[in-house]
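Let's take a friendly look at how charged side chains pair up in a protein model. Have the sequence and the 3D view ready as you read.

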Amino acid sequence: MYIKRRSGWEMPERLATPESVFLNRRALLGGAAGLAATSLVGVEGALAAADPTSGLYPAARNEAYTLDRPLTAEKFSADYNNFYEFGTSKTVLPAANALKTRPWTLKIDGLVEKPFEIGIDDLVRKMTLEERLYRHRCVEAWSMSVPWTGFPLSKLVALAKPALGAKYLRMETFMDKSMAPGQRSFLYPWPYVEGLTMEEANNDLAFIATGIYGKPLANQFGAPIRLAVPWKYGFKSVKSIVKLSFVAERPKTFWEGLQASEYGFWANVNPAVSHPRWSQASERVLGTDQRVPTLIYNGYGEQVAGLYKGLENERLFV
């Protein structure tokens with residue numbers, strides 16, 4: 001469903017755009033004014049070499065997706081990341097530089113009309129990119145607000161042409177121990193796997209992100225392609241996806257396999273249900289350390305609550 005009407009969680013446009021959206025690329029163009037043109041050619045050339053689709057960013061913002069709080073400045077969110085493939089600390093940025101994002105192929109299989117593979121650059125060019133402002137709520141009780149660039153997951157589902165028997169979408173990240181030191185640990189059930197029901201995958205909020213802050217995804221955000229499901233805890237938003245499988249049985253996800261009593265399949269944000277080791281009633285806003293009340297479904301209940309009718313006996317929240 002395409003949402004046009006204004007809701008209570010929106011904010012004025014003047015509060016929605018941080019200066020960091022465009023500053024990073026321009027910050028590289030320092031020096032004398034006479035060297036600016038030459039510098040620009042060098043910077044844009046380097047960006048294009050790293051990501052051949054860089055010219056598609058920044059994408060137009062979809063004004064149907066706004067926020068009730070300012071965006072988190074990139075300097076905070078870019079250096080505070082969960083990416084266990086590259087370490088269990090939040091400062092994974094240096095290690096994540098080892099992630100090689102080209103060539104990158106996405107495999108589509110399972111209960112589909114015809115399994116296929118598609119390169120990330122071909123996929124991005126096939127889709128119309130847009131920017132959406134989303135809240136992101138981590139199960140660890142911190143949060144941020146970010147401008148994702150990408151396209152609705154439903155468009156990728158449509159491209160895959162799933163069969164009627166497909167009930168779930170299983171998503172898998174890369175597996176490369178030589179590149180990702182965290183994957184050498186036997187303590188975790190690698191590779192990282194996540195899943196959604198087909199109804200969740202086709203909900204308009206479910207988003208495939210290929211960029212952030214007006215640029216292609218930096219490695220630590222899950223380059224070159226990741227999921228963003230803003231009504232769920234952040235661990236559901238699988239990073240660096242290489243495979244999407246349409247399946248009949250509910251997949252066992254990474255964190256379920258590690259500790260199902262703490263990290264369930266559904267993982268919908270709920271302030272009334274505590275994690276076994278901490279409260280979820282409030283959250284710490286990244287960059288400000290302000291404590292704010294957590295909202296049911298992270299504030300997106302109007303769009304997603306209907307997905308869970310009749311599932312009262314399911315463990316919908318961590």
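## A first pair

Which side chain meets Glu 140 in a salt bridge? The partner is Lys 90, at 3.0 Å from N to O. A salt bridge here is a side-chain nitrogen of Lys or Arg within 4 Å of a carboxyl oxygen of Asp or Glu.

Glu 140 sits in the loop between S3 and strand S4 (142-152), and Lys 90 in the loop between H3 and helix H4 (93-96), 50 residues apart. Helices (H or I, at least four residues) and strands (E, at least two) are DSSP runs, numbered from the N terminus.

## About the model

This is a predicted model, where local features need pLDDT of at least 70 and side-chain atom pairs count only at pLDDT 80 or more, while totals for chains, interfaces and linings use all residues. Residues are numbered from 1 along each chain as its sequence is written, and side-chain values use heavy atoms, leaving out hydrogens and water.

## Two more pairs

Arg 61 and Glu 131 also form a salt bridge, with their closest N and O atoms 2.9 Å apart. Arg 61 lies in the loop between helix H2 (36-50) and helix H3 (74-77) and Glu 131 in strand S3 (residues 130-137), so the pair ties together parts 70 residues apart in sequence. Arg 61 is buried at 18% relative accessible area (buried means under 20%, exposed over 50%, partly exposed in between, with a 1.4 Å probe and protein chains only).

Glu 200 pairs with Lys 232 at 2.8 Å between the closest N and O atoms, and both residues are buried.

## The wider picture

By this rule, the count is 19 salt bridges. Asp 68, Arg 69, Arg 135, Arg 137 and Glu 283 are linked in a salt-bridge network.
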